[in-house]
Amino acid sequence: MELSAAVTVALLSSLLLSAVRSAEDFNDTSNLRQKSHVAGLCAQLIEPSGFPCSEHNTQTKDGFVLGLQRVSSSSGNLRRQKGPPVLLIHGLFMAGDAWFLDTPNQSLGFILANRGFDVWVGNVRGTRWCHGHVSLSEKDKEFWEWSWQEYALYDLQEMIRYVYTVTNLRVFVIGYSQGTIISLAAFTEPDIVQMVGAAALLCPITYLNHITARLPLRLVKMHLAQVFLAMGIHELNFKSDWGTRIMDMMCNGHVDCGDLLTPITGKNCCFNSSRIDFYLEYEPHPSSTKNLNHLFQMIRKGTFAMYDYGFWKNLKHYGQLKPPNFDLSRIPSSLPLWMGYGGNDALADVTDLQHTLKELQSKPDLLYLDNYGHLDFLLSTRAKEDVYDKMIAFFDSLGTLSSY
């Protein structure tokens, strides 16, 4: 359904008010985070479904404390899982819970565990399953001074290193949406990719200059992220009181919140909108305004590059006037890649994916589903049959399970 002007204004107001609330009232944010940490992701979502799960922490080189979870099959033992380690990397405004929001027969995290894989769940900085910073408070501007660039070069690097060290095996990475951005950027770094055995990418993104998603394009045109930064708003937390109240008001009789997703993600064929209330118990997670601005830069400039600070600050950060590009040709041709993408995806556009494929040395295995939108690859009621079984067949073709 087409968004009316009034609904769009209300949504933008929700974004602004929730961000302002986040900037002004840190006590609410802290309380929300403390509540989420009373019981971790294992205890809240994974173990109640009957799957053994353990919590892990590791620290990035720049001092962020990341949370990871390790999941075994419902009939297994965490120390005796036979398959290779698989690290799941979530999308924007999500965290590791995104892989477990449907039934064990539908959620990729549970499916992989029951198929014998040693499942590790990644959570990037700022999300509610992570544990802050060794010296910075969430009240500090510096705490939020990062974008997906730091996700790739610090967070993902450290999560891969941690899993590799614990298991002594090369890690299989599965990324969704923003998780594919940071994965492909990280794979251009030799010290990271040498610890990776293969990667499966759902809704793969490096370039964003052909997106058709109406709402993000409108926000880019408004320079909303730059406005927030100029206002001193560095954290985007849509779980704040104001944001929650306005979204509740919009969704109670004014807007079908299942359809509200269409202008953001594209039309989703098989998304179970009846479960939105449950999904919203966990999503969205906080991110930084700088991260959103970095993504908007990609849309404007058509580049897959580091954060653009402007000419003079770029000289300070990078020693050059323009931010360096992430060179996809540096990803080794020996790294097996699998990609799943959809014809209705308004964010991971097919034209942009073709641009990505031309720059890679290797030819990934591809799965194209004409009727799938962006959310379908994560939350479709048919994702197991349409997507996950084929992804697992790709891993099986590498001899992964038979060799363990």
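Does Y151 count as buried or exposed, and at what relative accessibility? At 1% relative accessibility, Y151 counts as buried, where buried means under 20% relative accessible area, exposed over 50% and partly exposed in between, with a 1.4 Å probe and protein chains only.

This is a predicted model, in which local features need pLDDT of at least 70 and side-chain atom pairs count only at pLDDT 80 or more, while totals for chains, interfaces and linings use all residues. Residues are numbered from 1 along each chain as its sequence is written, and side-chain values use heavy atoms, with hydrogens and water left out.

The search of the whole structure finds 21 aromatic pairs, a pair being rings of Phe, Tyr and Trp (its six-membered ring) with centres within 6.5 Å, stacked if the planes are under 30 degrees apart, edge-to-face if over 60 and tilted for the rest. The rings of W146 and Y151 have centres 5.2 Å apart and planes at 40°, so this pair is tilted. Ring pairs also link W146 and Y151 with F64, F143 and W144 into a cluster.

| Residue | Relative accessibility | Class |
|---|---|---|
| W146 | 0% | buried |
| Y151 | 1% | buried |

Helix α5 (residues 148–167) packs against helix α6 (residues 178–187) at an angle of about 60°, with the axes 9 Å apart. The contact, meaning heavy atoms within 4.5 Å, is made on α5 by W148, Y151, A152 and L156, and on α6 by residues including I181, I182 and A185. The contact residues divide into 8 nonpolar, 2 polar and no charged.

Notes. Axes fitted to C-alpha atoms, helices over the stretch in contact; angles between N-to-C directions. Helix = DSSP H or I, 4+ residues; strand = E, 2+ residues; numbered from the N terminus. Nonpolar A, V, L, I, M, F, W, Y, C, P; charged D, E, K, R; others polar.
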